[in-house]
Amino acid sequence: MIGIQVIVAGETLSATLDDSPAGRDFAALLPLELSLSDYHATEKIADLPRRLDTRGAPASHAARTGDITYYAPWGNLAIFYRPFQAARGLVRLGAFDGPIDALLSDGATRIRLERVEP
């Protein structure tokens, strides 16, 4: 497990990345600043600077509220604020440790993701 923090509008949210090839590869990108945009009133998405290693990942994932995921077909980050059915190419990277209300503002949301050293 890899601890990270997501800073949004002066608030710090804690999250934990999975100890998987994709989770570790995402952690290697940090620190990272991204602009999130809303997608289908279900998730916040942002483009990543490069594709992630998804070796060994399940073919699909059914997202739960608070899941941090990677959508391999598009190469983007997706943070779910509503549950979503299993989708092919969706890879779980980790999840938030608590509420994610700070991410739910309308329009684009600027965030900074940082690794938390134990």
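**Reading the terms**

Guide: By the rule that a salt bridge is a side-chain nitrogen of Lys or Arg within 4 Å of a carboxyl oxygen of Asp or Glu, the count comes to ten salt bridges. This is a predicted model, in which local features need pLDDT of at least 70 and side-chain atom pairs count only at pLDDT 80 or more, while totals for chains, interfaces and linings use all residues. Residues are numbered from 1 along each chain as its sequence is written, and side-chain values use heavy atoms, with hydrogens and water left out.

Visitor: What makes Asp25 and Arg50 a salt bridge?

Guide: The closest N and O atoms of Asp25 and Arg50 are 2.8 Å apart, and the rule asks for a nitrogen and a carboxyl oxygen within 4 Å, so the pair is called a salt bridge. Asp25 lies in helix H1 and Arg50 in the loop between strand S4 (43–47) and strand S5 (60–62), 25 residues apart; helices (H or I, at least four residues) and strands (E, at least two) are DSSP runs, numbered from the N terminus.

Visitor: Why is Asp25 called buried, and what is Arg50 called?

Guide: Buried means under 20% relative accessible area, exposed over 50%, and partly exposed in between, with a 1.4 Å probe and protein chains only. Asp25 has a relative accessible area of 16%, and therefore counts as buried, whereas Arg50, with 34%, is partly exposed.

Visitor: Which residue forms a salt bridge with Asp38, and is that partner buried or exposed?

Guide: Asp38 forms a salt bridge with Lys44, the closest N and O atoms being 3.7 Å apart. Lys44 has a relative accessible area of 2% and is therefore buried, while Asp38, with 37%, is partly exposed.

Visitor: Why is Glu117 called exposed?

Guide: Glu117 has 58% relative accessibility, so Glu117 counts as exposed. Its salt bridge is with Arg115, the closest N and O atoms being 4.0 Å apart, and Arg115, at 41% relative accessibility, counts as partly exposed.

Visitor: What makes Tyr71 and Trp74 an aromatic pair that is edge-to-face?

Guide: Rings of Phe, Tyr and Trp (its six-membered ring) pair if their centres lie within 6.5 Å, and planes under 30 degrees apart count as stacked, over 60 as edge-to-face and the rest as tilted. Tyr71 and Trp74 are 5.2 Å centre to centre with 90° between the planes, so they are a pair and edge-to-face.

Visitor: What makes a group of residues a nonpolar core?

Guide: A nonpolar core is a set of buried Ala, Val, Leu, Ile, Met, Phe, Trp, Tyr and Cys residues joined through side-chain atoms within 4.5 Å. The largest one here has 31 residues, and those with the most contacts inside it are Phe26, Leu93, Phe96, Leu103 and Leu113. A second, separate core of six residues includes Ile45, Ala78, Phe80 and Leu90.
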